[in-house]
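Please look at the sequence and the 3D view together before reading on. The report that follows takes up a few places in the chain, one after another, so that each can be found by eye.

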Amino acid sequence: MALCTARNFVKSPYALGKAQQQLGVLRAFSIGNQTNQTKTLAPKTGKNIVLLDGVRTPFLMSGTDYSKLMPHDLAKFALSGILKKTGVPKEMIDYITYGTVIQEVKTSNIAREASLAAGYSDKTPSHTVTMACISSNVAITSAIGLINSGVYDMIVCGGVEFMSDIPIRHSRKMRSLMLRANKAKTAGQKLALLASIRPDFFVPELPAVAEFSSGETMGHSADRLAAAFGATRKEQDEFAVRSHTLAKQAQDKGYLTDLIPVQVPGSTKPITHDNGVRVSPIEKMATLKPAFIKPHGTVTAANSSFLTDGASACIVTTEEKAKQLGYKPKAYLRHFTYVSQDPVDQLLLGPAYGTPLILEKAGLTPKDIDVWEFHEAFAGQIIANFKALDSTSFAQRYMNRQDKIGAPDINKFNNWGGSLSLGHPFAATGVRLAMHTANRLVREDGQFGLIAACAAGGQGVAMILERHPDAHPN
Ligand SMILES: CC(=O)SCCNC(=O)CCNC(=O)[C@H](O)C(C)(C)COP(=O)(O)OP(=O)(O)OC[C@H]1O[C@@H](n2cnc3c(N)ncnc32)[C@H](O)[C@@H]1OP(=O)(O)O
């Protein structure tokens, strides 16, 4: 892909502004205030579908405090936590859609295992969805589809990722031999199989955070993307510092109200915080070596999202149902779209493709968006997406559009940090983005929020949420 660099892109806008450093988010906090609504989006199908509320476990670096759990154990905390937080009785839940990316083979329909473990009724059907890093977005939009089709009224959605224990397989040759050994009837047949073993049979197969079709890791692809768009190492490091600084501010101010404490069995203290937030001086960031393309790459451990354990859950229902039961929804789920491109070309441009489409679908312009929440896979990926959105030639060449829409307003962008700092448990991130959007709309007194994320496979999602008049920030 011969990518263009936008000429009128303002250089290095990613360093945290002084005002943001001092004040955190920019707008006044107004609990219970009605937004100054200028436009409102009519539901397309006659049903006003709402995000009632959502929760997540603290997101932890893999190999830390969750490491002895199994994925369904972690999911259980989020699935029981959402009922506890909302007070919705489990019998009211019609269905569960739940995401995961790297599957534990013993619990392949993790939605079912986790919901049973969390104490949901065994009469509540649960199904697992997967679409790489946007799996819990898919869980949410599957729920929207089921509700719109009139099948169900109230659905729990979310996702879990557990990178502390991933399924490492025997080699194909060893697996084949073991399967044949299972069928061998005589001692002679078994001995012959044993004699056929060669040293390379013992080389294990590790799952990689890599693209199946090209074999390229996400990090390598991010480095390639950053280079294609001319995202400098300094810009990437500055953006990463911004993410960590804003996440720390949000933690300190108590804004991350979607977090629920997790008491790991055998531990005395509950886990209450994301543990990957680490505000480092830019000079320290600059000393790190490239993590993927060596020695000249610009993507490092500090400007990448890190391997994370975490789970999330939310409730999607109709406004009518919520009102009937006396619940106060957080936001309307107005519009969504999925996009996909050739994964061998560029993997991580989902927001650049999805954002113009979703704005057009909703009849909104970037100026109407009060809260932007993009998944930060890598700092270089965010910068490349900004540059693509701000490039007329990208719009014309790759999207068949006459004009660019421009990059999001950085002052309204990921104001509570993002996946770089809070972590990115692949299938749990979508609900985290939705909850940040909904809660920021209240705290920052906005009306519309736009979520966008890239995913392996060259895919992506974009969604529009609208603040609900009854929404509260807790
Ligand atoms: C669509 C999508 O979402 S695609 C994205 C999917 N996600 C991914 O691909 C995950 C990408 N990330 C990774 O694979 C890993 O986190 C890696 C390879 C980048 C880094 O892994 P590791 O090398 O194990 O990271 P580790 O935590 O040890 O950090 C390496 C070094 O950087 C340092 N470091 C990490 N973060 C920071 C920071 N914020 N500030 C300063 N230093 C830092 C560490 O202290 C460590 O230093 P040391 O070697 O002196 O101890």
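## A residue with positive phi

In which loop is the place of aspartate 445? In this predicted model, aspartate 445 belongs to the loop between α15, which covers residues 429-443, and β9. Its phi is near 55 degrees, which is a positive value in a residue other than glycine. Aspartate 445 counts as partly exposed, because 18 other C-beta atoms lie within 10 Å.

Alanine 132 also has a positive phi without being glycine, and here the value is near 50 degrees. The loop that holds alanine 132 runs between β4 and α4, the latter being residues 135-148. With 23 other C-beta atoms within 10 Å, alanine 132 is buried, since a residue counts as buried if 20 or more such atoms lie within that distance.

Helix α4 meets helix α15, and their axes come within 5 Å and cross at roughly 70 degrees. The two helices, α4 and α15, are therefore roughly perpendicular, because angles of 65 to 115 degrees are counted in that way. On the side of α4 the contact is made by Ser135, Ser136, Asn137 and Ile140, while α15 contributes Thr429, Gly430, Val431 and Ala434. Sorted by class, the residues in this contact of α4 with α15 are three nonpolar and five polar, with no charged ones.

Another crossing involves helix α8, residues 233-252, and helix α12, residues 379-389, whose axes come within 8 Å and cross at roughly 105 degrees. Helices α8 and α12 are therefore roughly perpendicular to each other as well. The residues that meet are Glu235, Gln236, Phe239 and Ala240 from α8, and Ala379, Gly380, Ile382 and Ile383 from α12. The contact of α8 with α12 has five nonpolar residues, two polar residues and one charged residue.

## A mostly covered helix

Helix α3 spans residues 110-117, and six of its eight residues are buried, so that the helix is mostly covered. The buried residues are Ile110, Ala111, Arg112, Glu113, Ala114 and Ser115. What do these buried residues of α3 pack against? Their partners are helix α2, residues 71-86, and the strands β3 (95-99), β4 (126-129) and β5 (154-161). After α3 comes glycine 119, which has a positive phi near 90 degrees.

## Around the ligand

The shell around the ligand holds 22 residues, and those that come nearest are Met218, Ser280, Ala301, Ala302 and Ala377. Two or more residues of this shell are given by each of α7 (218-228), α9 (282-286) and β9 (448-455). By class, the shell is made of 15 nonpolar residues, five polar residues and two charged residues.

The loop between α9 and β6, where β6 is residues 308-318, is the place of proline 295. The peptide bond that leads from lysine 294 to proline 295 is cis, with omega near 5 degrees.

Lysine 328 is found in the loop between α10 (319-325) and β7 (331-340). Although lysine 328 and valine 50 are 278 residues apart along the chain, their C-alpha atoms are separated by 9.8 Å. When neighbours within four places in sequence are left aside, lysine 328 is in contact with Asp470, Ala471 and His472. Lysine 328 is partly exposed, because 15 other C-beta atoms lie within 10 Å.

Alanine 192 lies in helix α6, residues 187-195. Between alanine 192 and proline 425 there are 45 Å from C-alpha to C-alpha, and the two are 233 residues apart in sequence. Alanine 192 counts as exposed, because it has 12 C-beta neighbours inside 10 Å.

## Annotated domains

The unreviewed UniProt entry carries the annotation "domain: Thiolase N-terminal" for residues 49-320. Over residues 49-320 the chain is 36% helix and 14% strand, and the C-alpha atoms at the ends lie 9 Å apart.

A further annotation in UniProt, also from an unreviewed entry, is "domain: Thiolase C-terminal", and it covers residues 327-467. Residues 327-467 are 36% helix and 23% strand, with their end C-alpha atoms 15 Å apart.

Terms used: Residues numbered from 1 in each chain as written. Predicted model: local features only at pLDDT ≥ 70, side-chain atom pairs only at ≥ 80, totals over all residues. Near = placed C-beta within 6 Å. Helix = DSSP H or I, 4+ residues; strand = E, 2+ residues; numbered from the N terminus. Nonpolar A, V, L, I, M, F, W, Y, C, P; charged D, E, K, R; others polar. Axes fitted to C-alpha atoms, helices over the stretch in contact; angles between N-to-C directions. Parallel < 35°, antiparallel > 145°, perpendicular 65-115°, else oblique. Contact = placed C-beta atoms within 7 Å. UniProt positions renumbered as here; feature names shortened; annotations may be inferred.
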